[in-house]
Structures are given as structure tokens and as C-alpha cells.
Amino acid sequence: MLVSKYSEPEFSPYDDGTLVTGGDPGPWPAPVAERELAASVRLPGSKSLTNRELVLSALATGPSLLRAPLHSRDTALMIEALRSLGTEIEDVPGEGGYGSDLRITPAEELLGGTSIECGLAGTVMRFLPPLAALALGPVAFDGDESARRRPMRTTIEALRDLGVDVNDDGRGVLPFSLYGTGTVEGGDLSIDASASSQFVSGLLLAAPRFTRGLTLRHTGDTLPSMPHIEMTIATLAARGVVVESPEPGVWVVPPAEIRGIEVDIEPDLSNAAPFLVAALVAGGTVSIGGWPWSTTQVGAHLETLLPLFGATTSRHGDTLVVDGGEGIRGGAQLPGADIDLSIGGELAPAIVALAALASGPSRITGIGHLRGHETDRLAALAAEINGLGGDVTELDDGLAITPRPLHGGEWKAYEDHRMATAGAIVGLAVEGVVVDDIATTAKTLPQFPQLWADLVRDPDEVIMTITTDTIVL
Ligand SMILES: O=C(O)C1=C[C@@H](OP(=O)(O)O)[C@@H](O)[C@H](O)C1
Ligand SMILES: C=C(OP(=O)(O)O)C(=O)O
């Protein structure tokens, strides 16, 4: 089964995330906030944790159980790819998550002779080639048209330096193929991971299975998304693999067994960003339950980032509450902020959308690598905000935002889930914003339109849900 964006089976953004048939719902008029929020949101599992745990489970010595994993396009692509390499992955009833849990039984031997569809998922295209090099036989990689623009040269060259036979056309992008021999010797390897931390994570995840392990050295000037590398190291540690980092930019992975484990997947804290930002735009409070006390997810930094724009945050048990006061809709004048977001570029679209609605100017820097994300996010954010009357300038490594009164109009998502949700944020404050492709949120959060509708719904509105045998008022 290949999961492509508009072919069946499809993730409907209006459904609970289970596989349903359905297509592009068309242009989506973003709801405007009519009142202050008092919303509680429960979010599905983290994409980054789910896809790491899937990869490690496939490489493990015994079965694993993922509780409350994310079910979205990116995780469906990962599951499909691992199955095609011989991993057994079963849906089993789960409690409290969005959809089933996953039981994974690793293959005795990973088998090639397959083609892997990466969609637009960075975690699939960067995590699976090192794993596929451990399979026996040829493995081809390709993805969406837009995926063919995402940087892959570092993965391709790293595998060649490790002695893997890789076939590509020299442009450093998808498609390419490799020929797995069942083993990778490993040893010392230098790479430039300045375009994506995922190059490091992909190699570290497979490295315990290399005959000599791996000593990996990053040679570039900058390295984005360090928390995601720490997440990789933490997920390996939970399975008994101790990765050492004797100096910044160097990681030593011993050859080791990767244990099968049972693991609870945390809610996706990066997908929390638009919901928490909404408190500052609409005013009032947004609470997110299941917020971990300790995590490697970069979304945890929202707790300190949003106060820079005037929010108050508090914890009540495992719930994070963001209070946006009267909010922009209520007349609040939010300060701008100067933020180096190199640790968490995936938070940038939501923060930039907020900055465009604030009263003071902002600079968001350290995010040059976002040009290689789902789309060139710096160009896309500047084009869409400026198209509504804004003033955003592209810098070498970020954006300078000078707030201006915005007007309604089309907001293009560029097949980028976080561009789509950035449009929803702007639309909360600006009448007449229409996101051209909200379905693209199915990449990591198929429930987005429903959750967003619930967020802004009048709490006094009576909702009638008709199910097959009950009527709930
Ligand atoms: O390893 C991961 O799960 C991710 C790493 C980051 O990639 P980059 O370092 O390419 O930004 C992040 O932006 C992406 O959404 C997920
Ligand atoms: C950059 C992102 O995704 P990917 O995992 O495809 O790189 C993202 O989710 O913001």
C-alpha cells in the first residue's frame, strides 16, 4: 500500500485520523476568533518519537509495543516502508491515544528488493537509507515532487563513505537507490549536517547494528535542531545503547543490541505550537494535557518562547496552560521578539505568523536550513504574509518581520503542514484568510481542522453527535 496525498487510502483531515477514503477538501476558510478562548486540547503522538521508535523497533532484537503512536501520513509511510523490508507491524487496540497502538516484530533478516515511498517525510528519507544498507538486496527511494528538492547529498555520500553501493544522478536529491549486502562495517565517518540534523539521527539510529559501530563527526559550521539529535540519543539509551559525545559535533555509537521495548509516545509538542499561539491571538487560555515534565521534544521550549510575546504560562499537573490575556483580537499590543530558533526550526512558521500579528518588529534567525524543509519556508512565509499586506524580509538565515495591518486573501500551504497551520493562525485575527490546502496537515496531524474548529467553538453552543446507537447532547 502506498499512501499518497490524494489517492486512496487517504487521511481525511476531518476524520479522527484513521484511514478513510476522501480527497482534497478544497480551499479552507480559516475561522476568525469571535471570543476569548478557554480551550483544552489533547494532541496525538509525536511524529519524531513515533518514527524513531518504529525504526529502532525494526532494528531491535525482540518485539516492541508503541503506545499512543501518531497515525498520520509520515508515520504511515514509515510503517509501509519497514513492512516492505520485512518488519511485521500490527495495529493492536490502544487506550487513550488517537487510534491503535503498534506491535512491531523485527525481521530475522531485513530484505531488499523493494521501493520506498518517502512522501515528503524527512524522517523517512533520512532515517531509512542507513537501515536499508543493512538489508539484503536493492532498495530504491523516491518521494513527492517537492521531496525531490530536499537535500539528500549528505546521506548519499555518507553511505558511500561507509562502503555502500549507492546509485544516484549526482544532484544530491531523491530518487536514488542502494544495494544492501546485509552488513555495514562502520567505523569513522565525517559528514556535513548543516542542512539537517536528520542526517546525524539517521546514521546514529542504525549505527549500533554496524559491525564496528560508528564514530560520527559533523564538519559543517552550524548544526540545526540539536534537541532532535538528543532525542535520537535518548531513544537509543532507552533500548540499552549508550551513545557518547566526547566533544560537540562528535558521537560514538558502540556496536550493540537494540532492545525491544514497550514505550508510551508523548503528544507532539511541535504540533502544540499553533494551538498555544492561538491564545495570544484570540485572547484567553489554551491548555494542553499530557505535557511531559521532561522531554527532548523542542516544542517544550514554547513554554519560554511564548512569554517573549506577552503570554503567561503555568503548569497544572501534566497540563500546560498558556494565557494570552485579552489577545490581539481583544486589542492587546504584543511586543515583537528577536529569537535564534536554530534549535527548533519546526516551530518557526507558528512563531513567524504570531510575529506578523504583533505590534513590535521581530527577527527570527538561525533558520536558514528551513529553505530545505517541506518547501522553502522562508520564501513561503514572506510571500504569504506579504501577499496579505505584511512586511517580511528574507535574511540569509531567517526573517525580519515588521507588523502591518493585514487583509484577507488566499494563503498557500505549499504542501507544507506548518505553512497551512501558520495560515490558520493569521486567519484567527484577519477576516477572509483562505488556506488553499488544509489537507496537507495530514502529514503530521490529520485531525487539525477538527481540533481547530473545537478550539474556536463557542463553549455554550450545543453540539449533537449522532452515532449508530447513541445520541450525545
Ligand atoms: O529528527 C526529526 O524528527 C526532525 C528533525 C528536524 O529536522 P531538521 O534538522 O532538518 O530541521 C525537524 O525540523 C523535523 O521536523 C523533525
Ligand atoms: C521539517 C519538518 O518535517 P520533516 O520531518 O519532513 O523534515 C517539520 O515537520 O517541520
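User: What makes a residue part of the shell around ligand 1, and how many residues surround ligand 1?

Analyst: The model is predicted. A residue belongs to the shell if its C-beta atom, placed from the backbone, lies within 6 Å of the ligand. By that cut-off 13 residues surround ligand 1, and the closest are S48, S196, S197, S225 and H228. Helix 3 (122–132) and helix 5 (198–206) each supply at least two residues of this shell.

User: Why is ligand 1 said to lie between domain 1 and domain 2?

Analyst: Domain 1 (10–44 + 267–456) and domain 2 (47–262) both give residues to the shell around ligand 1, so ligand 1 lies between them.

User: Which residues surround ligand 2, and how do they divide into nonpolar, polar and charged?

Analyst: The shell around ligand 2 consists of A121, G122, T123, E346, H373, E374, R418 and T444. Asp, Glu, Lys and Arg count as charged, and the shell around ligand 2 has three charged residues, with four polar and one nonpolar. Domain 1 and domain 2 each contribute at least three residues to the shell around ligand 2.

User: Why is helix 1 called oblique to helix 6?

Analyst: The axes of helix 1 (residues 47–59) and helix 6 (residues 226–237) come within 10 Å and cross at roughly 40°. Angles under 35 degrees count as roughly parallel and 65 to 115 as roughly perpendicular, so helix 1 is oblique to helix 6. The crossing of helix 1 and helix 6 is right-handed.

User: Which residues of helix 1 and helix 6 meet?

Analyst: In helix 1, S48, R52, E53 and L56 meet H228, M231, T232 and T235 of helix 6. The residues of this contact divide into two nonpolar, four polar and two charged.

How values were computed:
Residues are numbered from 1 along each chain as its sequence is written. Chains are lettered from A and ligands numbered from 1 in the order in which they are written. This is a predicted model: local features need pLDDT of at least 70, side-chain atom pairs count only at pLDDT 80 or more; totals for chains, interfaces and linings use all residues. Helices (H or I, at least four residues) and strands (E, at least two) are DSSP runs, numbered from the N terminus. Domain bounds come from an automatic or database domain assignment. Axes are lines fitted to C-alpha atoms, for helices over the stretch in contact, and angles run from 0 to 180 degrees between N-to-C directions. Angles under 35 degrees count as roughly parallel, over 145 as roughly antiparallel, 65 to 115 as roughly perpendicular and the rest as oblique. A crossing is left-handed if the near helix is turned anticlockwise from the far one by less than a right angle, and right-handed if clockwise. Two residues are in contact if their C-beta atoms, placed from the backbone, lie within 7 Å.
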